[in-house]
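Have a look at the sequence and the model, then read on.

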Amino acid sequence: MAEYPYHETLRLQNFTVFKDSAFEFVPGINAIIGENGTGKTHLMKALYAMHRSQSRRNRSIAETLGELFQTSNISEIVRLGKGKHTTAEVSGRYNGVDWAYAIQRGEPKGIATDTGAITAERPIFIPALDMMGHTGGFLQAANEVELDFDLTCTDIVALLGLKNRTENTLVLRDLSDLLGGTIEQDQTNGRFYLVTALGRLPMPLVAEGLRKIATVVQLAQNGWLTPGTTLFWDEPEVNLNPKIMDEVVGAILSLTRQGIQVFLATHSYVILKELDLQTQQTDTIRYFGFQRNEAGITINGTDDFDSLTPNPILEQYNWLYDRELTRSTGRNRKGERVG
């Protein structure tokens, strides 16, 4: 048993693109890899829905799912083509406690039921869409009108401006230098600024890649990245220059060494290879390869990056390398003459 609570298992049955898929997670980093449309983000949202509704009981599982998947009819989450009365079932184990919820098709807007309760810190979900530059008045607008943003977007904006506990100094040490300044929030308009030696720059004018770094720094300053927390990060590589991905991966590994479980969905070979190179013997990391076929979505999990199959990211890099070699030498990586 790990020192801190973490998601141990998950099973998805008739849930969005998943027919029947089971996962065993590690308390460290769980990296999810697959082509577009294979359900990477949906897996994280399935976990986040349960975790979010249990850690803050002001939302039912049905309300949480509707806000996460941006639908007023949660029966749309049930896997397509399986009949009118099909039930989507999601179950797992967290910190030794079994939990489950189900979505039944057949009612006008679907029915969601849940069983089992967990005690958990509020989870953090960093969406692929940058929200650091959209904080001024965003939450007020979201409360007054129906905005086309899902719950992960409103949640992350709320956490950026909400103080929890003491700051995470290790993450600040790892990432603050990349910003070249400090983060400041104007309490009159809710907007964040990057304060440097040259002056005070509104976040919408800061490069999007740096805003992604600023998001993690602000979460660390506000005390949300604490031991026992779960961090879901969808495509951390978005807008990041590959040159600084080593520092970002180092910060992620630092989080797991403090007792924070991390789920990453990524399309980046650089992120994956940095994880592979920076992982120490005491770290736990598992890679999950998603592949679509006639049977639905098949999953392969491994603790060894080099043995991960399918690995569409590495396959694409190898294909590009083969084309470059063929153009230069007339032979591919295997030494075979091409053309």
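Let's start with R211, which is buried, with a relative accessible area of 7%. Keep in mind that this is a predicted model.

R211 has a charged partner: its side chain meets that of E208 in a salt bridge, at 4.0 Å from N to O. Both sit in helix α6 (residues 208-221), three residues apart, so about one helical turn separates them. In general, an α-helix has 3.6 residues a turn, so residues three or four places apart point the same way. E208 counts as partly exposed, with a relative accessibility of 40%, whereas R211 is buried at 7%.

How many salt bridges does a search of the whole structure find? The search turns up 14. As a general point, side chains of opposite charge can pair when their charged atoms come close.

| Pair | N to O distance |
|---|---|
| D150 and K45 | 2.9 Å |
| R200 and D186 | 3.5 Å |
| E208 and R211 | 4.0 Å |

Take D150 and K45, whose closest N and O atoms are 2.9 Å apart. This pair links distant parts of the chain: K45 belongs to helix α1 (residues 40-55), D150 to the loop between α3 (138-144) and α4 (151-160), and 105 residues lie from one to the other. Are D150 and K45 buried or exposed? Both are buried.

Now for R200 and D186, whose side chains form a salt bridge at 3.5 Å, N to O. R200 is in strand β10 and D186 in the loop between β8 and β9, so the pair ties together parts that are 14 residues apart in sequence. R200 is partly exposed, with a relative accessible area of 41%, while D186 is buried, at 17%.

There is also a network of salt bridges, and it links R52, R122 and D155.

**A sheet of three strands**

Strands of a sheet pair through backbone hydrogen bonds, either parallel or antiparallel. In what order do the three strands of this open sheet come? The order is β8-β9-β10, with antiparallel pairing. β8 and β10 stand at the edges with a single partner strand each, so one side of each has no neighbour in the sheet. On average, neighbouring strands here are turned by 35° against each other, direction ignored.

Going strand by strand, β8 (residues 182-185) is joined to β9 (residues 192-196) by four bridges. Within that pairing, E184 has Y193 as its bridge partner, and T182 has V195. The two strands make a hairpin with six residues between them, and G190 in the turn has a positive phi of about 80°.

The hairpin of β9 and β10 has two residues between its strands.

**Strand β1 and its partners**

Which strands does β1 pair with? One is β4 (residues 87-94), antiparallel and over six bridges; another is β2 (residues 18-24), also antiparallel and joined by six bridges. Q13 stands opposite E89 in β4, and L10 stands opposite F23 in β2. β1 and β2 form a hairpin with two residues between the strands, where T16 takes a positive phi near 45°.

**A buried glutamine and a helix**

Next up is Q261, found in strand β12 (residues 261-265). Q261 is buried, with a relative accessible area of 1%. A polar atom of its side chain lies 2.9 Å from the backbone oxygen of V26. Leaving out residues up to four places away in sequence, Q261 touches several others, including Y6, H7, F25, P27 and L231.

Finally, helix α2 (residues 61-68) has I61, T64, L65, G66 and L68 buried. After α2 comes Q70, whose phi is positive, near 55°.

Conventions:
Residues numbered from 1 in each chain as written. Predicted model: local features only at pLDDT ≥ 70, side-chain atom pairs only at ≥ 80, totals over all residues. Heavy atoms only, no water. Pairing = 2+ DSSP bridges. Axes fitted to C-alpha atoms, helices over the stretch in contact; angles between N-to-C directions. Buried < 20%, exposed > 50% of the residue type's maximum accessible area, 1.4 Å probe, protein only. Polar contact = N/O pair within 3.5 Å; in protein donor to acceptor, adjacent residues only side chain to side chain. Contact = heavy atoms within 4.5 Å.
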